[in-house]
Amino acid sequence: MKNKQSLFLILCSFFVLTTTACGGPKENTSTSSNPGKEIEVYEEDGSTHHEPYYITNNFGENAENELIVQWQNEVGSKYQRVQITTEDDPDFIYAHNVDATERILELDPSLKLGDYPARGVYRAEVKDLEPGTDYIYRVGANNAWSETYYHHTADGKDYEFSFTVSSDPQSPAHSDMVNTFRAANEYDPDHRFFYNCGDLVNDIGYHPEEIISYTNAASEFNRFKVVGAAQGNHDTYGTTGDNVYLFGEATVFNSFLTFPSNGFETNINKSNSYYFYYNNVLFITLNTLIEDSNYKAQADWLKQVLETNKETGRAEFIICTMHIGPIGNRYGDKWKESPIRKQYTPIFNEYKVDCVFYGHDHTYARTNPIVIDGNTNLATFDTTPDEENGVIYSIVGATGPKFYGEDQITYQKNIWEVRTNSKDQVAPGVFVNVKVYEDQLLVHAMKADGTELDNYSVPKKTR
């Protein structure tokens, strides 16, 4: 019992979470083995509970002490919550309880978003965690709990770490993504999180089972690491016909994925952007599936986030992610590359963003650090490297099974330092591993079969 006494003292001293407790009236109890110590006890609410499903997670704004968890359950499963504690409390005896908010995924038929049955969507924000600490958590209520999930908080500004970027599972099933993620774990078992640059499914409108397939496949990995994402064009489908993208619409997507509520637009039914800090890195996700009228608003938000970071000097590296990037393929006008390039690349230059990772094109490509003027004609663009002011743009490949070669997409050949030319060069899937050191980023683009596609370093800039 000595270890549990020590654990309880630690939790009392440091584990003061700001969210209110849930479930029913709280009772304070003391035990003879822990005299004077309080254990959180909650009365059962008397309602019927079901085991939670479609569990997803992400960091809060500060990965050192915030975690966001979202899941679904049957409508009416009240008092759903997260229970979280440290790893040496496997029975959750000293767990802290964090309330979940509830909303109902009940689609308006006029939106034509697909046939999704009504479910409760539950979301809990866990705060005031300790940096560099291993936690376990579960979600649910009463006796209907999920499996145990594991979470390691960011260590702090001066600690090295690594993470993995991928994109475009875009499939009714997700075995290729699973194989690629497993390869990423084998390549770097200690990487801290996955980030997926969108198109999680092929058709989120006509085929609701696809986002369920993605969520179930991702659960193998988000039990142990955060799996974040951006929304892709295939994640916006309605059911009014083939290739009908609903720019600005994210009702279904946001019911299966979660993120901090700090974007330029926080309406749960809209396409969202967000950011978080992990150690000495600022991660910013732009949503490039927004309505046309919002590109400027998102640019203003982006600039404010970067200006705040400049004033505080908090991050030493800046990574931006999105689905559709500012430079890509011959169908750029259809995919809004022009407003993306016009609105965002001057801001990337001004604030010396290090890397912009994105997907959409199902290939791998990477520039040198370059300075793009938002109105520049890419066909005649000067690609002279500028390590201090330039930004590296990279299409991070796909996790399968859909890959593109030059026979399908014509790229602006002059702008890329490295790029693949055939489907075989990116099959059976690609992931990008980024190691963060005090003075540089080391990036390796790897195929799921172990073949290296690319490697490069990004020296720390003067900010």
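How are helices H2 and H3 oriented to each other: roughly parallel, roughly antiparallel, roughly perpendicular or oblique? The model is predicted, so local features need pLDDT of at least 70 and side-chain atom pairs count only at pLDDT 80 or more, while totals for chains, interfaces and linings use all residues. Residues are numbered from 1 along each chain as its sequence is written, and side-chain values use heavy atoms, with hydrogens and water left out.

**The helix pair**

Select residues 175-187, which form helix H2, and residues 209-222, which form helix H3; their axes come within 10 Å and cross at roughly 15°. Helices here are DSSP runs of H or I with at least four residues, strands are runs of E with at least two, and both are numbered from the N terminus. Axes are lines fitted to C-alpha atoms, for helices over the stretch in contact, and angles run from 0 to 180 degrees between N-to-C directions. H2 and H3 are therefore roughly parallel to each other, a term for angles under 35 degrees, whereas over 145 counts as roughly antiparallel, 65 to 115 as roughly perpendicular and the rest as oblique.

Now show the side chains between the two helices: Met177, Val178, Phe181, Arg182 and Asn185 in H2 meet Tyr214, Ala217, Ala218, Glu220 and Phe221 in H3, where contact means heavy atoms within 4.5 Å. The residues of this contact divide into seven nonpolar, one polar and two charged; Ala, Val, Leu, Ile, Met, Phe, Trp, Tyr, Cys and Pro count as nonpolar, Asp, Glu, Lys and Arg as charged, and the others, Gly among them, as polar.

**The sheet beside them**

Next, colour the six strands that form an open sheet of mixed pairing in the order S14-S13-S12-S22-S23-S24; two strands pair if DSSP finds at least two bridges between them. At the edges, strand S14 (226-229) and strand S24 (452-459) each pair on one side only, and the twist from one strand to the next averages 20°. Strand S22 (residues 430-436) and strand S23 (residues 440-447) run antiparallel and are joined by seven bridges, with valine 432 opposite alanine 445 in S23.

Bring H2 back into view: this helix packs on the sheet, touching strand S12 (161-166), strand S13 (193-196), S14, S22 and S23, and its direction makes about 30° with that of S22. H3 lies across S13 and S14, running at about 140° to S14.

Then centre on S14, where Val226 and Gly228 point one way and Val227 and Ala229 the other, all of them buried, that is, under 20% relative accessible area with a 1.4 Å probe and protein chains only (exposed is over 50%, partly exposed in between). S14 pairs with S13 in the parallel sense over four bridges, and alanine 229 in S14 is the bridge partner of asparagine 196.

**A covered strand**

Move to strand S4 (residues 67-73), in which seven of seven residues are buried. Leu67, Val69, Trp71 and Asn73 lie on one side and Ile68, Gln70 and Gln72 on the other. S4 pairs in the antiparallel sense with strand S3 (residues 53-59) over five bridges, asparagine 57 having valine 69 in S4 as its bridge partner. S4 also pairs in the antiparallel sense with strand S8 (residues 119-126), over seven bridges, and here asparagine 73 stands opposite glycine 120 in S8.

**A loop residue**

Finally, select threonine 133, in the loop between S8 and strand S9 (134-141). Leaving aside neighbours within four places in sequence, threonine 133 is in contact with Thr86, His151, His152 and Thr153.
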